[in-house]
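Open the model in your viewer and keep the selection tool at hand. The stops below run from the whole chain to single residues.

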Amino acid sequence: MIVLTTYEEARDGFRHRDLRQALYDEGVHLMDGVIVNLHGDPHVARRRLENRLFRRDTFAWYETDRIPTIIDRVLAAALAAGRGDLLPLARRTMMALSVEVAGVDIVTGGAGDGAEAGVDEGGGDADADFERLYGIMNRLARASTVAHATGDKEAIIADGDEALAEFEAAFYHHSLYRRQRLVRDMEEGRRDPADLPRDVLTTLLVNTDKLDLPPDTILREVAYFPWVGSHSTSAQLVHAMHHIFTWIDEHPADRDVLIADGARRQAFVHESMRLHPASPVAERVATADIELKSGRRIPEGTAVTVSVEAANRDPEAFGPEPDRFDPDRRRGDGVPPWGLSFGTGTHACLGQELAGGLEPEDALHHHLLGAVTLMAGSILANGARPDPDDPPSLDQNTTRHMWGRYPVLFDVEPTG
Ligand code: HEM
């Protein structure tokens, strides 16, 4: 096995056409035919199709319309109570967002026939259904990435299969039927294409490329988005808030700056993403004898680990003291502030702009901040600070540096 640890070699590894995805080989049951697990031409074709959804105007719509609505809804109870835990708040926000992106309606009949995403904004049963979906997604995530699991792998995979069947019966079927009706209406001229839901499931159903997409493949693809979109993102929010709180402790006057200046807040989020990549490693297998630009030769069949964690702390790319949090860090030419945390090359994260926004210089019209920066802004603007009587603690179930609890108090100024 070969481990790529420098920024240059890791980037080259991500971009090499003869290194195929291998992270899901053991969890292939659930990941067969899913975009991140495709290679070569089938991957290019699927990516081209889904890129119709993941366009800048869709991201802008999510950023200005859906993300603020979801954040307000999720934060409401914690604000009323004056306290909350950042981890479940982040998870609920990011899961609700990713569920909309996937095209999954939480409540049967909750959304009627309209084109808006089907989360019942009225609460009630929606809360219980949301928790159920949340549990299913945790099980799917665990079974899909079983390669990294400790414990009984067969039992984890069997549980993943059960979770997929439960997802199909409880959430997928009605989401599918509703969209099939809407797409039929569009094809028969009764609905404007612009009024279709903007989500992955609808994009796959419209499928203007006429790719061969068996029903089971569409099911697995749609089931993939809620967990991949939420698990990674929620951990990022908590890490970023920790750095922000620590910074404000040392520079109290910057609290107001970080609330008012989205670009500055985003620089903090990106630096935090560099230090705490949600996927610390990517796994690949060489499909041919290859040579990296560095001169390293990799024989066909070799397993290759791309260490994002190490690459993101390579002083050649990120300058001196790479382990230090420094939102003003100077980087090498062409090195993004988040390093390789969103991958790069053919499998580069499709949700990157949704979660992380754009670098200011990349944004032509509207500077997208991304869901993590938006949520950090709402949390700060509502006066959040770590609860002095209930300090945060790390997740004891993993050897990785992950927060398990992060209690905060909200000191909202009474209005009127
Ligand atoms: C901070 C949050 C996120 C991080 C750090 C992240 C990270 C990544 C990384 C590293 C990859 C590349 C995997 C590889 O090359 O093996 C990836 C792929 C992907 N991500 Fe994300 N992701 C995030 C959020 C999201 C969101 C919100 C969505 C969608 C709702 C999403 C959808 C995807 C998809 C569909 C792929 C596969 C793309 C392909 O294979 O062509 N991600 N992500």
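Helices (H or I, at least four residues) and strands (E, at least two) are DSSP runs, numbered from the N terminus. Residues are numbered from 1 along each chain as its sequence is written, and side-chain values use heavy atoms, with hydrogens and water left out. The model is predicted: local features need pLDDT of at least 70, side-chain atom pairs count only at pLDDT 80 or more, and totals for chains, interfaces and linings use all residues.

**Whole chain**

Select the chain: its secondary structure comes to 15 helices and 11 strands. Along the principal axes, the C-alpha trace spans about 65 × 60 × 50 Å. A compact globule of 416 residues would have a radius of gyration near 22 Å, and the 21 Å of the chain agrees with this. That radius is taken over C-alpha atoms, and the globule rule is 2.2 Å times the number of residues to the power 0.38.

Colour by accessibility next: 52% of the 416 residues count as buried. Buried means under 20% relative accessible area, exposed over 50%, and partly exposed in between (1.4 Å probe, protein chains only). Of the contacts (heavy atoms within 4.5 Å) with a separation of 6 or more, 71% join residues 24 or more positions apart.

**Helices 5 and 6**

Select residues 86–102 (helix 5) and 125–144 (helix 6); their axes come within 11 Å and cross at roughly 85°. Helix 5 is therefore roughly perpendicular to helix 6. Angles of 65 to 115 degrees count as roughly perpendicular, under 35 as roughly parallel, over 145 as roughly antiparallel and the rest as oblique. The axes are lines fitted to C-alpha atoms, for helices over the stretch in contact, and angles run from 0 to 180 degrees between N-to-C directions.

Show side chains for R91, R92, M95, A96 and V99 of helix 5, and for F130, E131, L133, Y134 and M137 of helix 6, which make the contact.

**Iron site**

Move to C349, in the loop between helix 13 (315–318) and helix 14 (352–356). Its SG is the only protein donor of the iron atom of the ligand, at 2.3 Å. Donors are N, O and S atoms within 2.8 Å of the metal (3.2 Å for Na, K and Ca); water is not among the atoms, so sites may look incomplete.

**Two positive phi angles**

Most residues other than glycine have a negative phi. E321, in the loop between helix 13 and helix 14, is not a glycine, yet has a positive phi of about 50°. Finish at N207, between helix 8 (200–206) and helix 9 (215–250). N207 is not a glycine either, and has a positive phi of about 30°. With 8% relative accessibility, N207 counts as buried.
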